[in-house]
Amino acid sequence: MIKSLKRKTILQIVESNPGVGFVDIQKHTGYANGVLSHHLKRLENEGHIRIKHGKRKIWIFSSIVNTDNDNLLIFFRKETCQKILLFLLDVKIATFSQIRDAVEKSPSTTSVTMKMLLGEKLIRKIYGFPLKYELENYEKTLQVIETIKPSNVDVLKDRFADTFSYY
């Protein structure tokens with residue numbers, strides 16, 4: 001049982017925002033770097049959370065979240081990735097040009113992001129002419145979206161819907 005109010009607050013944030021970053025928790029709580037680091041370490045040592053380290057960032061997950069979903073949750077926190085994934089959830093299959101137009105990014109940014117998603121096996125190519133893309137696992141992607149705090153998902157869906165409401 002967690003006695004510290006600060007650790008309870010941090011754990012609530014992590015549980016409602018799987019894959020949340022250090023800075024996001026810091027912004028939400030107002031805790032100083034050292035204070036937040038101390039409490040995260042305690043929560044990790046007690047088995048309440050797990051921390052996944054990237055090159056320049058960490059992502060914090062509740063220990064009850066399935067580790068198989070970590071990469072998908074992390075990619076949903078990246079704007080271009082989430083736009084691509086949400087677009088493919090909506091249309092199921094799309095060409096590179098359709099995806100690029102939907103995310104409103106340059107071809108190079110879209111291409112780099114697509115390569116990352118392909119490398120993580122979150123999307124796959126459908127060979128033919130023209131080359132098309134689809135989600136690797138539609139149902140899993142949909143389930144992961146449902147684990148994200150509803151307000152965050154609603155904001156993502158609303159922004160995405162707004163993109164197409166003008167046409």
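Modeller: Let's start at a loop. Pro130 is found in the loop between β5 and β6. Keep in mind that this is a predicted model.

Colleague: Is the peptide bond from Phe129 to Pro130 cis or trans?

Modeller: That bond is cis. Its omega is near -5°.

Colleague: Which way do β5 and β6 run, and how many bridges join them?

Modeller: They run antiparallel, and four bridges join them. Strand β5 covers residues 123-126, and strand β6 covers residues 132-135.

Colleague: Give me one pair. What is the bridge partner of Lys125 in β6?

Modeller: Tyr133 is the partner of Lys125.

Colleague: And the hairpin itself? How many residues are between the strands?

Modeller: Five residues lie between β5 and β6. Among them is Gly128, with a positive phi near 150°.

Colleague: New topic. In what order do the three strands of the open sheet come?

Modeller: The order is β1-β3-β2, and the pairing is antiparallel. The edge strands are β1 (20-21) and β2, and each of these pairs on one side only.

Colleague: How many bridges are there between β2 and β3?

Modeller: Five, in the antiparallel sense. Strand β3 covers residues 58-62. The two strands form a hairpin, with four residues between them.

Colleague: Which residues face each other there? Start with His53.

Modeller: His53 stands opposite Ile58 in β3. For Ile49, the bridge partner in β3 is Ser62.

Colleague: Which helix lies across β2 and β3?

Modeller: Helix α3, residues 33-45. It runs at about 115° to β2.

Colleague: Why are Lys41 and Glu44 separated by about one helical turn?

Modeller: Because they are three residues apart in helix α3.

Colleague: How many salt bridges does the whole structure have?

Modeller: A search of the whole structure finds seven.

Colleague: Back to the sheet. Where does Arg50 lie?

Modeller: In strand β2, residues 49-53. Its side chain makes a polar contact of 2.8 Å with the side chain of Asp70.

Colleague: What else is Arg50 in contact with, leaving aside neighbours within four places in sequence?

Modeller: Its contacts include Trp59, Ile60 and Phe61. Val65, Asn66 and Thr67 are also among them.

Colleague: Then which charged end sits over the ring of Phe75?

Modeller: The charged end of Lys78, 4.7 Å from the ring centre. There is also Lys6, which lies over the face of Tyr31. Lys6 is at 5.3 Å from that ring centre.

Colleague: Great, thanks. I'll go and find those in the viewer.

Technical notes: Residues are numbered from 1 along each chain as its sequence is written. This is a predicted model: local features need pLDDT of at least 70, side-chain atom pairs count only at pLDDT 80 or more; totals for chains, interfaces and linings use all residues. Side-chain values use heavy atoms; hydrogens and water are left out. A polar contact is a pair of N or O atoms within 3.5 Å; within protein, one must be able to donate a hydrogen and the other to accept it, and residues adjacent in sequence count only if both atoms are side-chain atoms. Contact means heavy atoms within 4.5 Å. Two strands pair if DSSP finds at least two bridges between them. Axes are lines fitted to C-alpha atoms, for helices over the stretch in contact, and angles run from 0 to 180 degrees between N-to-C directions. A charge sits over a ring if NZ of Lys or CZ of Arg is within 6 Å of the ring centre and within 35 degrees of the ring normal. A salt bridge is a side-chain nitrogen of Lys or Arg within 4 Å of a carboxyl oxygen of Asp or Glu.
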